[in-house]
Every structure is written in C-alpha cells, then in structure tokens.
Amino acid sequence: MRKILLETGFSNSEIFCGTGAFEARAKGYACGQVCVITDTNVNALYGELINKTFPECFLTVIPAGEESKNPKTLLKILNDMLKRGMHRNCTVIAFGGGVVGDIAGLAASLYMRGVSLVQIPTTLLSQVDSSVGGKTAVDLNGVKNVIGTFYQPKEVIVDPLFLKTLPPREINCGLGEIVKYGALDGAIYKKLNENINNLRDYGFLEEITYDCILYKADIVKRDERDDKGLRKALNLGHTTGHAFELNYGGRSHGEFVLIGMYYELYIAVKRGICGGQYAEALKNLIYEVLGAMPCYPNISDAAKAAVHDKKNDDADIALILPVSEGEWTELKLGLKEYTRYLKECASEFRGLL
C-alpha cells in the first residue's frame with residue numbers, strides 16, 4: 001500500500017493505493033456517525049462487507065446507473081440524512097463507482113455546508129480517475145455534471161480487491177481513462193505500450209492506477225478549481241465522448257471517452273496538430289481496449305450537444321487534443337466545422353466495420 005498526499009490551497013486529501021488498503025484504512029471509520037452511500041449493484045456484491053466494516057452506519061442505496069445521477073436522487077439522500085439525524089461531525093462514505101462517488105460527494109459538500117467525505121471506489125474508472133480531485137456533480141436535463149462543486153474527500157481508499165468482481169466491460173471502461181492518461185503523460189504512454197498484452201492483468205492495473213492517480217494529483221494540486229488552464233487537460237476525449245454518451249448510450253463512460261479520443265485524434269491529425277507514429281500508436285491503444293469502432297446515424301445531434309459542454313467558455317466547442325508524447329493543446333472549433341470533422345470520421349469508421 002502506498003500513500004499520496006494531495007495538498008491544495010483549500011484542503012488536503014490522503015490517497016491510499018494498493019492491496020490491503022481497504023482492510024488497513026476502512027476500519028478507522030467503524031465508529032461515529034457514518035452514512036454509507038452505495039448503489040444496488042455494489043450492495044448486492046458487498047453489502048455484507050459494508051455491514052461488517054461499518055456496523056453502525058446509516059446505509060442508503062440508490063439505483064445503479066447514470067440515470068440516478070440527478071437532483072431528485074440527491075435531494076432524497078439529503079432528506080434521508082436529515083431524517084436519520086446526521087450531524088455536522090458525521091462522515092459520508094461513497095462506496096461504489098463514479099456515479100456513487102459524484103452524487104455522494106455532492107451530498108457531503110451540501111449537507112450542513114459540508115461534512116467529511118471518504119471515497120472508496122469500487123470500479124477501475126473511479127479508482128483511476130473520478131474518486132480523486134474533488135469534482136462532484138449531478139446531471140440536469142441531459143447535460144452531464146452541470147450541477148456540482150469542488151469538494152476534496154478527506155481520504156480515498158483505492159484497493160484492487162474490488163476489481164475482481166468487475167465484468168470485462170467495466171475493466172474496459174477504466175482502461176478508457178487510463179489510455180487518456182497515456183495520451184497526456186509520456187511515462188504512462190510508454191508503460192501502456194510496453195504492456196500492450198497485459199492491460200487487463202490485475203498486477204499491471206494496480207501499478208498503472210497508482211501512476212495515473214499520481215499524475216492527476218499533481219495536476220489538481222496546481223489547479224484544483226480548474227481556473228488556471230492546467231486541469232482542462234484531464235478532459236481529453238471527453239467533449240466528444242460526452243456528446244455521444246448523452247445521445248446514444250449503450251456503452252460505458254470510459255468506452256465513450258475512448259470513442260471521443262478517436263474522433264478528436266482524427267481532428268488533431270487533420271489539423272496537423274498530431275501525426276506520424278505517435279498518432280498510429282494512440283489509435284492502436286484505443287482499438288486494443290475498445291475493439292471495432294462504432295459509427296452513429298445522426299452525428300449532427302451529438303455535435304449540437306457538445307455546444308452545451310461546460311468546458312466551453314464561449315460559442316465555440318473546446319477540445320483537448322494530443323500533440324506528441326506528454327504534450328497536449330487546446331483547439332476551439334465552431335459548430336459547423338466540428339460537425340464536418342465528426343461526419344468525416346464516422347464515414348471512415350464505416351469503411352472499417
């Protein structure tokens with residue numbers, strides 16, 4: 001088990017990573033007022049472990065899936081906490097994947113103007129990315145994460161124990177974010193390519209998860225509130241990925257990040273921003289995780305959805321694009337030009353399928 005200290009100008013997080021982290025750290029929250037928030041899928045797998053580890057906790061279980069990440073569910077959680085008499089010194093434990101982490105984190109930030117938060121991520125995606133950094137949110141009217149706060153967890157407990165019950169597609173979902181980190185950081189990129197045949201090995205996943213968290217913690221430390229232009233790098237693949245995710249569904253968030261990366265890599269190549277062996281290697285990583293690329297019937301609707309992405313600061317669509325190993329840049333496109341590129345890329349996919 002290794003520890004990463006994420007120090008910001010507002011608060012600090014302790015992140016414990018590795019085999020045995022859950023057993024070593026979770027027992028520290030067995031006493032006192034504890035509200036454990038999880039979902040139906042995780043509760044079916046780990047309900048007994050939750051009750052054994054936190055015997056006096058107030059357990060609230062939300063329906064699994066992105067559909068639960070909405071203001072109605074958030075208000076139900078807050079109302080349940082109030083009914084149970086949770087006080088200012090209570091601790092909210094987010095025990096689950098990205099949806100649970102986002103909504104539980106938002107609830108903790110709002111209840112009595114903020115109570116202690118502990119993240120125990122149980123999916124590869126939440127371990128490698130969403131549990132770290134303090135972003136909390138719910139969706140509204142088809143726009144992802146438009147209501148949210150920056151609220152650092154007191155502690156994050158990342159244990160590969162929970163990966164062993166994940167189906168293959170959930171592993172792929174997390175690998176989507178890991179490939180994103182590879183496009184941002186030269187050392188992670190090199191390690192991914194050196195282990196292209198071992199991407200789903202648990203030992204490799206434990207090691208690469210630590211690397212990704214260390215990279216993200218450094219970014220968050222320098223730009224916690226996303227106002228210095230550094231943290232935007234973590235959105236690589238997300239503008240287009242979110243647009244497709246909201247319009248089509250049928251795949252996990254991490255898979256849509258990979259799809260978004262592919263489309264945005266296409267734009268980077270067409271604009272002369274990225275190319276050569278590096279661009280081909282990124283394509284190969286995406287294919288290795290995702291398999292055959294999908295094509296979509298109505299690209300225009302997805303492109304219009306990207307206009308509402310919260311990362312945009314004007315009428316144009318903001319994209320984070322890979323340049324070379326460890327280097328990225330931002331490009332802003334108007335809706336018409338962005339739509340044209342997406343349609344061109346979709347036509348290319350049709351030739352591959």
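**Aromatic pairs and the sheet**

Tyr 46 is buried, as is Phe 95. The model is predicted. Tyr 46 belongs to helix 2 (residues 40–53) and Phe 95 to strand 5 (residues 91–96), and their pairing links distant parts of the chain, 49 residues apart.

**Aromatic pairs**

- The whole structure holds ten aromatic pairs.
- The ring centres of Tyr 46 and Phe 95 are 6.4 Å apart and the planes stand at 55 degrees, so this pair counts as tilted.
- Tyr 46 and Phe 95 also belong to a cluster, joined through ring pairs, that includes Phe 22 and Phe 162.
- Another tilted pair is formed by Tyr 189 and Tyr 278, with 5.1 Å from centre to centre and 55 degrees between the planes.
- Tyr 189 is in helix 7 (residues 186–194) and Tyr 278 is in helix 11 (residues 276–290), so their pair ties together parts 89 residues apart in sequence.
- Tyr 189 is buried, because its relative accessible area of 8% falls under the 20% limit.
- Tyr 278 has a relative accessible area of 9% and is buried.

**Charges over rings**

- Arg 2 places its charged end over the ring of Tyr 210, at 3.6 Å from the ring centre.
- Arg 25 has its charged end over the ring of Phe 16, at 4.1 Å from the centre.

- Seven strands form an open sheet in the order 1-2-9-6-5-3-4, and the pairing is mixed.
- Strand 1 (2–7) and strand 4 are the edge strands, each pairing on one side only.
- From one strand to the next, the twist averages 15 degrees.
- Five bridges join strand 3 (residues 34–39) to strand 4 in the parallel sense.
- Val 36 has Leu 59 of strand 4 as its bridge partner.
- In a regular strand, side chains alternate between the two faces of the sheet.

- A right-handed β-α-β unit is made by strand 3, helix 2 and strand 4.
- Helix 2 lies across strand 3, strand 4 and strand 5, and runs at about 145 degrees to strand 3.
- Helix 8 (residues 202–222) packs on the sheet and touches strand 1, strand 2 (12–17) and strand 9 (155–158).
- The direction of helix 8 makes about 15 degrees with that of strand 1.

Notes. Residues numbered from 1 in each chain as written. Predicted model: local features only at pLDDT ≥ 70, side-chain atom pairs only at ≥ 80, totals over all residues. Heavy atoms only, no water. Phe/Tyr/Trp six-rings, centres within 6.5 Å; stacked < 30°, edge-to-face > 60°. Helix = DSSP H or I, 4+ residues; strand = E, 2+ residues; numbered from the N terminus. Buried < 20%, exposed > 50% of the residue type's maximum accessible area, 1.4 Å probe, protein only. Lys NZ or Arg CZ within 6 Å of the ring centre and 35° of its normal. Pairing = 2+ DSSP bridges. Right-handed = clockwise from strand over helix to strand, strands pointing away. Axes fitted to C-alpha atoms, helices over the stretch in contact; angles between N-to-C directions. Contact = heavy atoms within 4.5 Å.
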